[in-house]
Amino acid sequence: MQRIETAMIEKAKALLSSGEVTRVLGWKKGELGYDVEPCVFKSEESLKDFCYNVFCGANLSKYLVEESKKEGKILVFLKPCDSYSFNQLIKEHRINKENVYTVGVECQGKVDPYKLKENGIEMVDSAVETVDTVTVKGKEFKKEEIILGKCLTCTKKPLSYDDIISFNEKREPVLDRFETVKKLEAMTADERYAFWKDQLSNCIRCNACRNVCPACTCTKCVFDNDNSGIASKANSDSFEEKLFHIIRAFHVAGRCTDCGECSRVCPQHIPLHLLNRKFISDIDRLYGEYQAGEDTDSKGPLTNYTTGDVDPSDVFGGNN
Amino acid sequence: MTNEALIPVIGVITDIRKDTPDVKTFRVVTPDGKKAFEHMPGQCAMLSIPGIGEAMFSITSSPTNTEFMEFSIKKCGCVTSWLHACEVGQQVTIRGPYGNGFPVTKDFKGKNLLFIAGGIGLAPLRSVINYVRANRADYGTVDIVYGSRSMDDLVDFKEIEEEWKNEKDFNVYLTIDRPQEGWNGHVGFVPAYVKEVNIPTDRTAVLCGPPIMIKFTLQALLELGFEKTQVFTTLEFRMKCGIGKCGRCNVGDKYICKDGPVFRMDQLEELPSEY
Amino acid sequence: MQKIGVFVCWCGSNIAATVDVKKVADVLRLEPGVVISETYQYMCSENGQALIRNAIKENGLTGIVVCSCSPRMHEATFRKTAESAGLNPYMVEIANIREQCSWIHKDMDEATEKAIVLGRSAIAKLKLNAPLTSGESAVVKRALVIGGGIAGIQSALDIAEAGYEVDIVESSATIGGNMAKLDKTFPTLDCAACILTPKMVDCAQNENIDIMTFSEIESVKGFVGNFKVQIRRKARFVDEKKCTGCGVCMQKCPSKKGKNEFNMGLNNRPAIYIPFAQAIPNVAIIDPEQCLKLKNGKCGLCAMQCQVNAIDYTQKDEIIEREYGAIVVATGYKPISLENFNEYGYDTYKDVVTSLELERLMNAAGPSDGHLVRPSDHKEPKVITFIQCVGSRDTSGCGKPYCSKICCMYTAKHAMLIREKYPDTEVHVFYIDVRTPGKNYDEFFRRAVEQYGVDYIKGMVGKVYEENGKLMVQGSDLINNEQVVIPSDLVVLAAAIEPNPSVRKIATMVTASIDTNNFLTEAHAKLRPVESPTAGIFLSGVCQGPKDIPETVSQASACAAKVVGLLSKDKLKCNACVAHSDETLCTGCSVCANVCPYGAITYVDKEFRIGGGKTETRRVASVNEAVCQGCGACTVTCPSGAMDLKGFSNKQIMAEVDAICKR
Amino acid sequence: MQEMNNEKRPLIVAFCCNWCSYAGADLAGSSRLSYPADVKIIRVPCSCRVNPMFILKAFQRGADGVIICGCHPGDCHYTTGNYYARRRMSLLFSMLDYLGIERERTRVEWVSAAEGAKFSAVMNDFASKVAALGENKRLEDLRCKE
Amino acid sequence: MKKIAYKNLDLLYKEIAGAQELYLPVKVAKATNFKKYEDGVEVDIKSLQTVKSAKDLFFPQSEDMMEFKTSGKNIEIIDARKTPAPFVLFGVRGCDLKSFEILDRVFLAEPVDTMYKAKREAVTVVTLACNNPESSCFCKVFGVDASNPKGDVQATIVGDEMFFEPLTEKGRALLDSLKCLEDGDATAVEGEKKAIAEKIDALPFVNLDLSEFKGENLMKLFDRPEWEDLSKACLGCGTCTFVCPTCQCFDIRDFQTNAGVKRFRCWDSCMYSEFTKMAAENPRKNQMQRYRQRFMHKLCYFPSNNDGEYGCVGCGRCVKKCPQSLNIVKVIKKLGGKNND
């Protein structure tokens, strides 16, 4: 899999030197192996720190909201899931596509450093990846043991690119993405309440989920806007953690591409994607399957309707 | 003083004076008619209306006024709009005093003083000017250069005309940005006027006004031969706690609410320009 | 600081009997911002309004809350009151303490407490109200009448007479509607055609009237004063301008098996036909289902015969777009389908007919040239039994819950006419009640019974069955308390009438509200009976509710008067409660435009200062206030909260929520 | 399930669209069809004006049930507003259910201007179901209840 | 020296909690944070680090200060500060303990923050040596000895036993009150400490060079061009701030209750774009400036006001928690001095 990184660097160098792009949005090596960070490279020379490996989980598309406003074209590498976010942002006029050169890159699932740690691996010098395995510090792991939750269920296919770098067929997802949602739906209301009470009580309102979310690109979020009526900074009451997450999920409903960044970045490991997936699963169930970001022109399910839509009294699935 | 400082006391607005179309001066006392606390010129206080918010304002009245405090407030945000809409008798909460204030007993003492203000920038200077008037013997000549957009936007016009101009060794120079009917005085921007008046460099200068005015006036003063160590200004910044803990007004190694808001120009140069 | 006045209305005893109005006023007086709080017996009366006006002036009020009846009743009244006292009309809020409080609660304490909460909620909202001004829009001086029956004809004539252009769009091939099919009209027994056809001719000849028959409404966009309507002119395969209505083609046409719609399908007509002799326009039309040329390309006789070359087999539907200032809906009615009433044998026996079919059977221009014969064997019936309320006043779910209103009278008419023309015919009428309010109506009915000896039997019919070539009508006679079976030759069903099925589609297009029976809803049942709640849409005739011809004509004229009143204005005030976008928050993501039913939202690139003397260009939403109707769909779809609705802002509604929940 | 005692009546916030349901409520009033005083109506132009924020805010402030009433689908005064409202509320209420909030605390009903009787019946039914659930504990803000 | 078998720790917790409130690392859902000990909680004492630091106990994320009741034009102020009951904070690691000193310098400086002070005085801190420090740990750089944290009581896990040594009067009183403890021998503890110290010395970041971070370099550091690249990926969220044991920025906010107005303070973050925003201007307009502020404050501004004491304890929470893997180590490596290469 080293091959793909080399190919990407070559591509970046070629585009920089030809002047077709002025900047490259990609990932940069960290200090501990797993702490790879998104980075804008401005010269061929700076690409020495460029990397693309199993730790490049971060979704780069949101950076383009600002980057595409700047002078000159930027090259961006998009994993399949990032490309859905990219498309959705194009649809919402948040990215100036003229200024972006997109290169799709193969992804066979990215590693979750926390899962590595649970498996006793802390620092990583190098990781060797195959389609199905990752070998770290001489220990071989099956992908499903250590990849990010969002990657376990990923069915996303690369969408239209200016260019694509891919050498292998995409892995099949290991899990059905609605499995946990269904499990929760099957619980009693009391059990569900207890589950979410525990989960959300950990929320520290750091806003990482919001700030990383490619669907949350508001100039000013309603929660930061003292005029919105629901502004809040800390969960001063358990109500506020619910308010924040319900409203946030609702605001991205029909627009969320299920990129899973919210759960990846949550410092308290709250499975926030389960909120978004509930909306997605309801949308699929009630209004027909819809994948946000699959195209750049369709009407989202919440800005659309059919006269025969189900009545709100009949939407409840699962247990009461 | 302890962090009881975060717990305010009640203040009653006993008088509201409309100075300019968007500036009103509020007189505040405690419910039993006293001054809420003593302060020095240039110091600030936190006024708040529960449910609306809390904001820092410089105390406009002089410490020598023993009866009440005054705040000249320009309508620009939530709290100020609310204050502008309220009536005499309204209670607010007040805490303070905060900040270092002007060095009236140190650097200023025995000096000739030059006050330069633009618009609402006169508010913090009014306190020190009236303090100087009350302790006239401790200071030398006082020059005041004050400008605003128009005649109507000159704060405290009445006090300036009726009292300051009649004070001994007080020279008051007023200017407005554009010519206006009924105005016989100077027309032009403050920095240019400062140069025009050609004030001797033996003054200790105090600047207050919008950032752009400060910038050009300082330049003018330097051109006239002033040293940066002779020039003071007072900064505006978003503050919350007022006691150097909440971190909001931290710039470099200074907390504006505690170490400021009054700074000498050469001190400011040692700070990152994030104010 | 706000100065709010609270005015609590007693509404005589309507409110004061269950709500302690004095206490409401006293409690609300203590709310911050309230400077005056008073009660009065009838706040909407001139004296009550004067009280409000004076209070506004004397106290310099910045807003008022009226605790009274529903805002749907008197909001406009009090807004005018406020305006006349120099207050912006939108600085008025109504707390509905009658319909939603005093009238539904019996306990005084409970009702008073609720009234106080509703008052607080109105005060909380009012504090966030901003003075609003409505924009203005021009009025297109032309009206559209949908439906060419007597209602549409009368409305169109009156509007045209007042000097405005008006288009009639009729879905069938001629105007005239149901009335054209009638024989005689009650209670005067004059011939329907004699009084209707002159009006039809007037329409055709009036320069201000443009008749579009065989046409349907395709889409309606816009708003009061500025509707843009697409009209589908269906292909009739005959050039309307060329055809002289000579009728030669009809005689030559070899395909003569089309059901004659005008005669309720009781006889046949050729594939090319003129609906009836006095049709307007008097122009032929080809039924493509019947026409050999159109079906298999072989024939073309009519084209050969036509002296003016009016036949055009290649004609296609055409869509035209026109602008109107007002729209009259006059879509009329049709008898209900009788499939739910098998007990009467309508589908089984040819000699069970509906009243409208009977009209044709008795009409001189009908299938039997006015000679009353029964459809099965064309013999004169000797015993005729009428069954009333077939599908009317029916709460079983098979029919309609309402009274169709016209059946009692037309049945009396039929009975009378039959007895007059065929005195040896026995006539029985099964009825539930006979309802004959109206000028000369009851006299008319009594003549049928007393003078013409019609046998009225109070009771319902259980079933109709055939026995020995007779139709046996089995029913109960409630007065004699016995079962009766009447062997009849002809059975006539007074089928209920229902709104034309097309009305639902039209109502959706013009955004008029419609009730559960598909009758269009009037803006006010008593005070605004000819207007729809949607501005610029007016209701004429049975589409609003069952009515007879005189009523229909009066309503049509009333409707025309309203239309003329609207068209006579050069400018209209727009809705002031419109959406607006806070451009500092808007990201230009376009979701709001997706849900706007009026296409009121567009996007513009705008420059913004971003501090430090820099600017940036951003795409932001912009609302066309003349087009926005203020539904608020955009406000909820906007994630950043940039879109808000004036008069119903997020903050206002949340303030109401807060006030209601405070306890 | 705890019964509400008399001092603590359930509080129900009803958002009614101006054209149908608010008029339906008026008709219930003019027909003297009673329903509990616990129901307090907020008039909105259309059911599509109801923002999930309002609903959560109502619960935060102490409401025990929230009901949204609009024109029957197809009869919206603004043509399509209630279709959007229907989707939004379907998803929102399903989400609240997913979080373990009692289903009976939220409801959407289509009430036309002619359905005064329905309005009254719906409110009676909703109020009694909410009362049976007892106080709203799962979406409460304790600060508002002190 | 006292000790208890590891498997009997629950007895200890119960005994402490029987006398006063006990706070210790508790796992709820998938995250471990300091929470109150109650029956049935899942204590996660071995977890090296809680997500939120122990500062939460003295400077909680949200804390009521006062209430206001208004009627007409009048306002009534009601003090809402609560006097805390004595409590035990159990399982504090060396880095978090060090952070208390740093917070003390802020909150106990004149004018003293009474809300903070009351809680600091009410606490008995039981520290716990770090048996298994992680690669993200660099507390040693800031003078913390994670093998020997000096709280009121020092606890050390050795094998299947936990040893306790009182270091203050408060600590002694706590230990004396506990009946479930038995006497223990110090030798094993010394050995463990030594072993830990060796592990720490082998960590990757223990030799970070901080020599450039000093008051006189303030403007020079401020103007370094590297900030642009360092902050590029910053999302402007508050994760680093909220997991940081030394960050102490707060906001004061009002909440309208049904009865009046509650004024509370809550954590704020200098990383938030709204942090310094005023009506018309924002002195820190872009994320680079906000990012720089946070690290300059910890590494330069704070020490220059506090006798060279850094505003960082090297706990490594930001290293582990930053969504985009930005962190203070990367800043120190770039700007701290020559020896970082």
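Biologist: Is C:Cys299 buried, partly exposed or exposed?

Modeller: The model is predicted, and the class is taken from a count of neighbours. C:Cys299 lies in the loop between helix 10 (292-296) and helix 11 (301-305) of chain C, and its phi is positive, about 150°, although the residue is not a glycine. A residue needs 20 or more other C-beta atoms within 10 Å to be buried, and 12 or fewer to be exposed. C:Cys299 has 19 such atoms, so its class is partly exposed.

Biologist: How many other C-beta atoms lie within 10 Å of C:Lys405?

Modeller: C:Lys405 also has a positive phi, about 75°, without being a glycine. Its place is the loop between strand 21 (383-390) and helix 13 of chain C. C:Lys405 is partly exposed, because the count of other C-beta atoms within 10 Å is 19.

Biologist: At what angle do helix 12 and helix 13 of chain C pack?

Modeller: Two packed helices are described by the angle between their axes and the distance between the axes. Helix 12 covers residues 355-362 of chain C and helix 13 covers residues 407-421. The crossing of helix 12 past helix 13 in chain C is left-handed. Their axes are 11 Å apart, and the angle is about 35°.

Biologist: How many charged residues does the contact of helix 12 of chain C with helix 13 of chain C have?

Modeller: Helix 12 of chain C brings C:Ser355, C:Leu358 and C:Met362, which meet C:Tyr410, C:Thr411, C:His414 and C:Leu417 of helix 13. Sorted by class, this contact of helix 12 with helix 13 of chain C has 4 nonpolar and 3 polar residues, and the number of charged residues is none.

Biologist: How far apart do the C-alpha centres of domain 1 of chain C and domain 3 of chain C lie?

Modeller: Chain C is divided into domain 1 (4-126), domain 2 (142-234 + 317-332 + 500-567), domain 3 (248-305), domain 4 (334-498) and domain 5 (579-646). Between the C-alpha centres of domain 1 and domain 3 of chain C, the distance is 66 Å.

Biologist: Which element of chain D gives the largest share of the side that touches chain C?

Modeller: Among the 8 pairs of chains that touch, the most contacts are between chains C and D. The contact takes 47 residues from chain D and 43 residues from chain C. On the chain D side, helix 1 (21-30), strand 2 (39-44), helix 2 (52-61) and helix 3 (81-98) each supply at least two residues. The largest share of that side, 7 residues, comes from helix 1 of chain D.

Biologist: What radius of gyration does chain D have, and does it agree or disagree with a compact globule of 146 residues?

Modeller: The C-alpha atoms of chain D fill a box of roughly 40 × 35 × 20 Å along the principal axes. Of its 146 residues, 75% count as buried. A compact globule with 146 residues would have a radius of gyration near 15 Å, so chain D agrees with a value of 15 Å.

Biologist: In what pattern do the elements of chain D run along the sequence?

Modeller: The secondary structure of chain D comes to 5 helices and 4 strands. Of the contacts in chain D between residues at least 6 apart in sequence, 83% join residues at least 24 apart. Read along the sequence, the pattern of chain D is β-α-β-α-β-α-β-α-α.

Biologist: Which helix of chain E gives the most to the side of domain 1 that touches domain 2?

Modeller: Chain E is divided into domain 1 (2-66 + 81-201) and domain 2 (215-340). In the contact, 30 residues of domain 1 of chain E meet 25 residues of domain 2. Strand 5 (62-71) and helix 2 (94-107) of chain E each supply at least two residues of the domain 1 side. With 8 residues, the one that gives the most is helix 2 of chain E.

Biologist: Where in chain B is B:Pro261 found?

Modeller: The peptide bond from B:Gly260 to B:Pro261 is cis, with omega near 0°. B:Pro261 is found in the loop between helix 6 (256-259) and strand 15 (262-264) of chain B.

How values were computed: Residues are numbered from 1 along each chain as its sequence is written. Chains are lettered from A and ligands numbered from 1 in the order in which they are written. This is a predicted model: local features need pLDDT of at least 70, side-chain atom pairs count only at pLDDT 80 or more; totals for chains, interfaces and linings use all residues. The radius of gyration is taken over C-alpha atoms; the globule rule is 2.2 Å times the number of residues to the power 0.38. Two residues are in contact if their C-beta atoms, placed from the backbone, lie within 7 Å. Domain bounds come from an automatic or database domain assignment. Axes are lines fitted to C-alpha atoms, for helices over the stretch in contact, and angles run from 0 to 180 degrees between N-to-C directions. A crossing is left-handed if the near helix is turned anticlockwise from the far one by less than a right angle, and right-handed if clockwise. Ala, Val, Leu, Ile, Met, Phe, Trp, Tyr, Cys and Pro count as nonpolar, Asp, Glu, Lys and Arg as charged, and the others, Gly among them, as polar.
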